[in-house]
Amino acid sequence: MAEETIFSKIIRKEIPSEMVYQDERVTAFRDINPQAPTHILIVPNKLIPTVDDVSSEDEAALGRLFTVAARLAQEEGLSREGYRLIVNCREHGGQEVYHLHMHLLGGRPLGPMLARRQ
Ligand code: AMP
């Protein structure tokens, strides 16, 4: 059994967040440490620790991440100029919270996709 993270408590509304969307499959809330004018996390309600733990049963929830991302991008006024969706996986991907989530970032030009090597 995977260990719950703070995101499960946010989904159950046991701790506060700036929630912008919730349905039976996914929850979206603003990142506490925003990296762009819009920075929203979209999270499956079911605890899936990493992309590596995804199974075919999860396809409906994971597809919903994209439809909700597009809807929120529209609401945030990002659709025309564009935005970025990021899913980090484990150490090399820079994952900090082990409850799979999609970052929706936008509101300014986001620069190159990866930091350049030194
Ligand atoms: P990642 O590095 O992809 O695992 O991203 C984790 C993200 O969760 C980071 O951008 C954090 O700022 C964000 N985060 C951590 N705790 C909270 C919280 N309580 N509410 C909102 N965002 C959070």
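**Exercise 1. Determine how much space lies in the largest pocket and which residues line it.**

Step 1. The largest pocket holds about 930 Å³ of space. A pocket is an open set of points on a 1 Å grid over the protein atoms alone, where a 1.4 Å probe fits, with protein on both sides within 12 Å along at least five of seven lines; lining residues have an atom within 4 Å of a point.

Step 2. Among the 32 lining residues, Asp31, Gln35, His39, Leu41 and His103 are the closest to the pocket centre.

Step 3. By class, the lining comprises 16 nonpolar, 10 polar and six charged residues.

The model is predicted: local features need pLDDT of at least 70, side-chain atom pairs count only at pLDDT 80 or more, and totals for chains, interfaces and linings use all residues. Residues are numbered from 1 along each chain as its sequence is written, and side-chain values use heavy atoms, with hydrogens and water left out.

**Exercise 2. Locate the ligand and describe its shell.**

Step 1. The ligand sits in the largest pocket (more than half of its atoms lie within 2 Å of the grid points).

Step 2. The ligand is surrounded by 16 residues, each with a heavy atom within 4 Å. Seven are nonpolar, six polar and three charged.

Step 3. Helix H1 (6–11) contributes most to this shell, with three residues.

**Exercise 3. Identify polar contacts of the ligand (N or O pairs within 3.5 Å).**

Step 1. A side-chain N or O atom of His103 lies 2.8 Å from a ligand oxygen atom.

Step 2. For a polar backbone atom of Val97, the distance to a ligand oxygen atom is 2.9 Å.

Methods. Polar contact = N/O pair within 3.5 Å; in protein donor to acceptor, adjacent residues only side chain to side chain. Helix = DSSP H or I, 4+ residues; strand = E, 2+ residues; numbered from the N terminus. Nonpolar A, V, L, I, M, F, W, Y, C, P; charged D, E, K, R; others polar. Points joined across faces, edges and corners; volume = space filled by probe spheres on them.
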